[in-house]
Amino acid sequence: MMLAGARQGAISGIRRVIATAMSRDLSAFVLPGPAVARSRGLDLAGPHLRVVGTPRHAGVLIIVGPIPEGLRDAAAVVFAQMPRPRAILALGAGDIAPLPAADVSAPLTQEGLQSGLAELRRVVAAGAFQPDAADFTAAALEVRIEYTCPMHPEIIRDEPGDCPKCGMTLVPRETSAAGHRGHGQAQTMSEMADHSGHEPKSGDSCHTDHGDTAKDAAYTCPMHPEVVSDEPGKCPKCGMTLVKAGSEGGHGHKGHGGHGGHSGHGGHSSEPVDGIEPHFMSMVELTKDQPRSSDGLQMEWIEAPFGPFFPGLPAGLHLSLTLDGDTVAGSDARSLVGMADLPGGTAMAPGQFVDHLAAMQSSPIAYRALACAAIEDAAGIAFGADDRRARAAAIERERIASHLSWLAEFGVQTGFLWLAGRAGALQLAVQGAGAAEIAALAGPIGRLIRRVQAAPLMRMRLRGIGRVGKDRVAWGPVDRARGGGSDARSDDATLKELGFGIRVRNGGDALARMMLRCDEIDQSIGLIATAGTLAAPMLADVGVVSGEGAASIETPRGAARLTVTLTDGKVTGAELKTPSTAHLALIDDLTRQRELGDALVAIGSLDLSPWEMRG
């Protein structure tokens, strides 16, 4: 087997030593993310394996489970960004195209991870260098360079040069094969107009007489001296505000025909100035009509993408923030997974439908229980008290694991690595544990909770961040952390028998959401102890009945509601509402006019799951 990302060169001498050293100390980037790996029961903190937060620091790409269709191109980009030699370890992934074939494939189990890493070390030691190493380029990264004018975006050339309209030097920009611009490109005046709400007005009183007419004109354009007007207004070519002829920032009559020119702010200079190229335009002019940020400064806006594999943010979330300096001016967020888009048009066997909902990585037990409950309601099937208590306890166990996973990811995002490590380890211990084992873990979990709630630096970092008002739609912990009472468990007779009572916090900010989740971890441990047993939900045989059913389950992120239609024992219709779909709409409010770091913390504190959103 040839290593997918081997470095070119024969394996001999010092290269053999280097390859052997690389195989002993592997650094890995995990897809879709460490949180998904932990939810599948994988302990990545093994010997001589370092999980890193950027593909540029990784030599191994570990793929956990099948790659959702919407994440495949992004996965290829991640692999292309990794330095060579690089390798792929696929755990229960199946087809991973457009990535190259996996160097090692193994089952999606802890044993599969260990055996896969052992085999991968042999592959790296033997194949880190190859005489005929193949290259890999993600299609999404294939770009071409074109040149355009910042003032006239319609001017596009394949080679460097000057704008034929204003004489400014054309600037390069990247364009993908699909025609989309890449990062780091100059923003054109038309784009700035889109942001600021100002557009060139065709009705402005401007004309284009030349020569001596300019001497008598009162107003002219700093970028287009041929545009003159007797009245104030906007330039019809670039939309800039006209300035008085001869004033600073405009052109006097000497600016034409090579008669000396004027080199004030925003104007063309007919004579070269040391350090400033001809046709220089002041940033004061470029930004003067744009909205002011909260600090009063006016800056050029840029689009900054985060995800779908950004450390500390949910895997599969595509987030794009419009930045005005270090302040967020706008946002766009969506799921690239879209598991909440239920199959339609064809009948599904009940078991197949339950498995589809359980494939939502974040809360498989809760969504399996939801699907079973709705189908059983449609079929008129009722369970005994013991079965209902066991199901309820299994969901509470998942709530503990989910909240610990959120604490681990939140620790990564906020830089509290002790929290990331300890919460992640406890999450792995809770998953699959029985009632007695969870009781034994109550002590270590309680100590972690007390440390988290007492940490002064964490309080300082989170207080006042991402406050959600009472006027916004919110479910689950997000609502209860602002004093709300939304909790589907309130109507569950079984949980009432176990002693359930709603826990709330006031404040509505990231700190309150963290505190509430800690409270709920403690509460869920108590509910499981009272139940004394737990069992994952199993779907009853519904036969060939027809009917409609509904159910509501309080998942770790809030209430999920499902209605189903059974026709001759098949699921022929379904409608699902999930908390993450509702909370996605909160992002713009929580981030607008916030500093970038605070905005990312606010988003992370919502505990979104792209797996339970619509695509």
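Which residues is Met514 in contact with, leaving aside its neighbours within four places in sequence?

**View 1. Contacts of Met514 in a predicted model.** Trp406, Leu407, Val452, Met458 and Leu462 are in contact with Met514, its neighbours within four places in sequence left aside (contact: heavy atoms within 4.5 Å). This is a predicted model, where local features need pLDDT of at least 70, side-chain atom pairs count only at pLDDT 80 or more, and totals for chains, interfaces and linings use all residues. Residues are numbered from 1 along each chain as its sequence is written, and side-chain values use heavy atoms, with hydrogens and water left out.

**View 2. The largest nonpolar core.** This core has 64 residues (buried Ala, Val, Leu, Ile, Met, Phe, Trp, Tyr and Cys joined through side-chain atoms within 4.5 Å; buried: under 20% relative accessible area, 1.4 Å probe, protein chains only). Leu319, Ile400, Leu404, Leu407, Ile445 and Met514 touch the most other members. Helix α16 (residues 510–531) gives the largest share, ten residues (helices: DSSP runs of H or I, at least four residues, numbered from the N terminus). A second, separate core holds 57 residues, including Ala4 and Phe309.

**View 3. Helices α10 and α11.** The axes of α10 (residues 385–414) and α11 (residues 417–430) come within 7 Å and cross at roughly 160° (lines fitted to C-alpha atoms over the stretch in contact; angles from 0 to 180 degrees between N-to-C directions). That makes α10 roughly antiparallel to α11 (over 145 degrees). Among the contact residues are Ile400 and Leu404 of α10 and Ala420 and Ala423 of α11.

**View 4. Helix α19.** Seven of the ten residues of α19 (residues 596–605) are buried, so this helix is largely enclosed by the rest of the structure. Leu600, Val601 and Ile603 are among the buried residues. Just after α19, Asp607 takes a positive phi of about 55°.

Key
Helices (H or I, at least four residues) and strands (E, at least two) are DSSP runs, numbered from the N terminus. Angles under 35 degrees count as roughly parallel, over 145 as roughly antiparallel, 65 to 115 as roughly perpendicular and the rest as oblique. Buried means under 20% relative accessible area, exposed over 50%, partly exposed in between (1.4 Å probe, protein chains only).
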